[in-house]
Amino acid sequence: MEDCPLLEVKELRTRFSSEKGTITAVDGVTFRVDHGETLGVVGESGCGKSVTAESIMRLLNEKSTRYDGEINFKGRNLLSLPEKKMLDIRGNEISMIFQDAMTSLNPVFTIGDQIAESIIVHQNLGKREAMEKAVEMLRLTGIPSPEKRVHEYPHEISGGMRQRVMIAMALSCKPSLLIADEPTTALDVTIQAQILEVINDLKEELNMGVMMITHDLGVVAEVCTRVAVMYLGQVIEESDVDTLFDSPRHPYTRGLLKSIPTITGDRSQKLHTIQGVVPALDNIPKGCRFAPRCPYATDQCISESPLLEALENGQKIRCWHHEEIMKREGVTDVITTAT
Amino acid sequence: MEVAKPIQQNRLAALEKDIKKERRQLAVKRFFSNKTVLAGSIMLIFLTLFAFIGPLISQFTPLQIDPANRLAKPSSEHWFGTDNFGRDLFSRVAHGAQVSMGVGLSVAVLTAVIGMVIGLYAAYYSTLDHILMRVSDALMAFPDILLAIAIMAVLGPQPVNVVIAVTLAKIPVVARIVRSSALVIKEQTYIEAMRAQGASSWRIIWRHILPNTVSPLIVQVTYVFAIAIILEAALSFLGAGVPAPDPSWGNILYDGKIVIYNAWWMTVFPGAFIVMAVLALNLFGDGLRDLLDPHSNKALKE
Amino acid sequence: MLLQQQLDGDKPEQKDSCAPLLQVRNLKKYFPITSPFGRLKGHVKAVESVNFDLYEKGTLGLVGESGCGKSTTGRSILRLIEPTEGSVNYRGKELLQLNQSEFKGFRKDMQMVFQDPHSSLNPKKRIGELIEEPMEIHKIGTKAERMERAMDLLKRTGIREDQYFRFPHEFSGGQRQRIGIARALAVDPSIIVLDEPVSALDVSIQSQVLNLLEEIQDEFKLAYLFISHDLSVVRHTADEIGVMYLGHMVEKAPTDDLFANPLHPYTKALLSAIPIPDRKQRRERIIIKGDVPSPIDPPTGCVFHTRCPFVMDQCKTIKPEMLQQSDGHQVACHLYN
């Protein structure tokens, strides 16, 4: 059990059949999440980060979706489990919280009812005990006077409170994996700070693995231990969080980090920009997917697709020229490819 | 600068032509890949041809009485048989098609125009909205047919009056559809952007809100067209519609009712045409809804 | 050229280059809340006495969290919402005294770029028409001249001219925001209110749009009122920043000064709550507890006292005045009295 990772995604490929033909939203994604760690999955819209999460939960319409690869959760491949077994895992062993807490809560039931429901379904408890447990969960997420709050309806509480309720609901069955899909994007910064703290504290307390999906590199720096950067359905760089911010290697990651305005950077300078726009999923470039926007692209990049290679320090990167790029940009401690 | 401008304008004009052509091709492709709208259109074309070519190829006029040949079965001479006065049924049904479809089309156009104006202004001015919507509530409280009969009783049985009666009964329905979609459009940021420019209410209503409410309006109007045909038939059947001896599908049915046991053709043929017309319009409307709805990607199905 | 004359002609000459272009004093906006039977139940106090000056080619950032009244302030100045009280003075002309038709002439000078690039462009209009429309409304130039200018603006904002006849849905979010900017530039304004112009965009697109805004500011001599919840974005663009909380401006300072030396406890909390994408700069966080109180029934005294870590007795009863601390740095807090 010890060397078996909590979640291991291997060469996951998710394809949708649509009117326009088959669209590959996730193409060969590989990563793992261990107990007690937070994996950040970052990328821009259309990079497949949310689809990856929905594939793990198998929330996509099974009729028009085709999965390939493996999603091993505690040694079982979720993709080969029957739907009935998935019901036991969803919300019980793997929980998910979404960006929009307002639409994820049912407006006609009280908060308490909604939290209690998942407890009753998964833990075979009575209504009274489930309600008590709901109160306890709300207290854990830092909601003041939870015994009163359980009787309120979602529209009666603020956005930050609703996100706490979502977290309480997601964690009520003590899952071993929490998938948080942009949990703080809709919230204000002071509330975001509160919510990130709650997630982090509960992670330690329950020894969960957390998969934090976000577009905000600030959030990644704040809470994650490891990061996977995605671009157009592929992981293009993966490393521990310090390495990512100290020596990002992929031109996309480097560009992204340079292009965000920060509260500490030099503000007299113009912002760095990545040229062009993210291509549409039905028009994916043939070679390296970032090549059309990459300032270092060569003929090789345009014609051949690079593989995700592992470096000695545990960093993984999908780029033909990362060593030369690092040299050219004056980074001395060049780490060579592990063989 | 003065020389360069016409060249750029020419280039633009060429560009516009290209893009419009591309759009037209796409629209045609979508139209033909949408089976519902295609079926509806084919049936509508057939009905229109029947209404206009039918009287020309028939050797009888609809009012020509032939007492010797009363209630004749369909034959090579009288394709649909004859009625209780010996009038040729094919000719009567074809002329009736002109009347019924004509009434339907007039109602559709009138309700569309009047309903659109009412709906747009009601959505834009809230005081007006209160008044107009209460009036329409009152009108909608009556069943269509009763309202139409009441209006016909006042105005007298004339085809024009049928159009007026049915239009009055159906305006609230169309006005509400336009109003509800205009209310949504009114709250969009691009309307606020226009207000920030100082655009007049007239410009906002007609140039910005109207184009965005056209699709639901057109769809609704095809349904009104179908309902108008049914209402006209019902009114004529009750004797409150198109007066005898002029044919309409409704009053042919009325004549046929008395002899339903020994002359089936007098009810089957006009009845079949009513069913076909209504079916065609409903199919057309359903297909159009898919075609015009930007959110449904069905429109692109290959 | 007629068009250029019309665009420049009626723009009053700035006599004194140091005088502010736009002066906002005691701006106040209360939204009435009525019961279903039309009885007045109270007011949402969205904006409460906001003051600021906007200078030519300058950028004032308005920051704060949702519901702090920053967007209402922007819309009140453009009179998209009629403010309850206050004065908005543009080049010496009192705008709130004008009736709508008199004000229409001034709308040309004050444009707006909206947050959501998807809903701010009419989906049934070609992008060329969208950019020409403001000129049409203000009766500027001939049809051909308007077309010419629309093409130039498209090119300037980074959209290919041959896209002129395309519809908004054929563009990505970033491109649509560029079209929105081109539309605002069409009538050659002096002020643009930017309401969260980049918050709906992806990170790599954000920087492109921010750079574009910076470029056109010099080129078209624009003053920006930059409304955003994102302090890092505002820091990059603004010369001066006003921090708003629950309808009040609690601190106003030149950008560098504000970040180097934030005074108000709320500003401090806001700054420390921003996640920094740099692991070396981790710092002790001030996490303020609780939620923003309701603007229907705001706290008495200082509006921030319910969440303030340094709350004193007088904060609960006496409303702090906005006081000058150092050159251009103003704060409304009893700690600095």
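What percentage of the 339 residues of chain A count as buried? I got 45%, taking buried to mean 20 or more other C-beta atoms within 10 Å of a residue's own, with C-beta atoms placed from the backbone.

Ground rules for these notes. This is a predicted model, where local features need pLDDT of at least 70, side-chain atom pairs count only at pLDDT 80 or more, and totals for chains, interfaces and linings use all residues. Residues are numbered from 1 along each chain as its sequence is written, while chains are lettered from A and ligands numbered from 1 in the order in which they are written.

**Chain A overall**

I looked up the secondary structure of chain A and found 13 helices and twelve strands (DSSP runs numbered from the N terminus, helices being H or I with at least four residues and strands E with at least two). Chain A has a radius of gyration of 21 Å, close to the 20 Å of the globule rule for 339 residues, so it is as compact as a globular protein of that length. That radius is taken over C-alpha atoms, and the rule is 2.2 Å times the number of residues to the power 0.38. The C-alpha trace spans about 65 × 50 × 45 Å along its principal axes. I also checked contacts (C-beta atoms, placed from the backbone, within 7 Å): of those in chain A with a separation of 6 or more, 64% join residues 24 or more positions apart.

**The four-stranded sheet**

Next I traced an open sheet in chain A, with antiparallel pairing and the order E2-E1-E4-E5; strands pair here if DSSP finds at least two bridges between them. E2 (21-33) and E5 (76-77) of chain A are at the edges with a single partner strand each, so one side of each has no neighbour in the sheet. E1 (residues 7-18) of chain A runs antiparallel to E2(A) over ten bridges, and I found A:Leu12 opposite A:Val29 in E2(A).

**Where chain C touches**

I then turned to chain B, where 19 residues are in contact with 19 residues of chain C. H1 (4-33), H7 (189-196) and H8 (201-237) of chain B each supply at least two residues of the side that touches chain C.

Terms used: Buried ≥ 20, exposed ≤ 12 C-beta atoms within 10 Å, placed from the backbone. Contact = placed C-beta atoms within 7 Å.
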